[in-house]
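Please find below some remarks on the model under review.

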Amino acid sequence: MVLWVFGYGSLVWNPGFEFDERIVGFIKDHKRVFDLACIDHRGTPANPARTLTLEDSEGAICWGAAYCVRGGPEREKVAMEYLERRECEYDLKALADFYTEEDTIMPILTGVLVFKSTPDKELNKYYLGPAPLENMARQIAIAAGPCGNNREYLFKLEKALYDIGHEEAYVIELANEVRKIVGPIVRPEENLVATHVPLNFHIAPIQLVPLQEPIAMDS
């Protein structure tokens, strides 16, 4: 038995479960959007966080990491139980083809599990839908929950995509909008103030002071 799971949000930097192999790559015809509410990790019912889900988008690609769990049904069961608790806001499971830079035409893997959400507020109570960039930034800037604040989730995603060599303009633009609200962040090791991080301008990732949080259950 082999289980492959695609991570496109916090799973990229914090899988939280035992795995045997990790491959950086992408799935096609999907894009990342901050359209899903989180009320138990990075937000609360009164002030929900905005976290990632996937939107169908023909021709788009979404970079992330695929994780493999080998060793039989018991190891797969443990991983899936953990993932279903962690990804509880996602009401859909899909199977996708997974590609890497080495071959963007033929998938290196098929049947990779992806957690998604129904883009309908009536069918999925966690679905927030799209909003203007400024509105999303204000929500992300103030939301916080048991696992930490919402802006840290966004900044960690920005850094994770930088680390795998596939920064995303949408993520950078949203992160920079949040920085306008919360103020510049000082990187102590360089004594520099960072307010904007342009796409493809490779500087040392912004360092945030970590919160005390049960990050293994981040979403």
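The numbered points below take these topics in turn.

1. This is a predicted model, in which local features need pLDDT of at least 70 and side-chain atom pairs count only at pLDDT 80 or more, while totals for chains, interfaces and linings use all residues. Residues are numbered from 1 along each chain as its sequence is written, and side-chain values use heavy atoms, with hydrogens and water left out.

2. Leu174 lies in helix H5 (residues 169-182); helices are DSSP runs of H or I with at least four residues, numbered from the N terminus. Its relative accessible area is 0%, so Leu174 is buried (under 20% relative accessible area, 1.4 Å probe, protein chains only). Leaving aside residues up to four places away in sequence, Leu174 touches Phe34, Leu133, Met136, Ala137, Ile140 and Leu154 (contact means heavy atoms within 4.5 Å).

3. The structure holds zero disulfides (pairs of cysteine sulfur atoms within 2.5 Å). For Cys38, the closest cysteine sulfur is that of Cys88, at 7.4 Å, which is too far for a bond. Cys38 is buried, at 0% relative accessibility.

4. Helices H3 (residues 133-142) and H4 (residues 150-163) pack at an angle of about 110°, with their axes 5 Å apart; axes are lines fitted to C-alpha atoms over the stretch in contact, and angles run from 0 to 180 degrees between N-to-C directions. H3 is therefore roughly perpendicular to H4 (65 to 115 degrees). In this contact, Gln139, Ile140 and Ala141 of H3 meet Asn150, Arg151 and Leu154 of H4.

How values were computed
Helix = DSSP H or I, 4+ residues; strand = E, 2+ residues; numbered from the N terminus. Buried < 20%, exposed > 50% of the residue type's maximum accessible area, 1.4 Å probe, protein only. Parallel < 35°, antiparallel > 145°, perpendicular 65-115°, else oblique.
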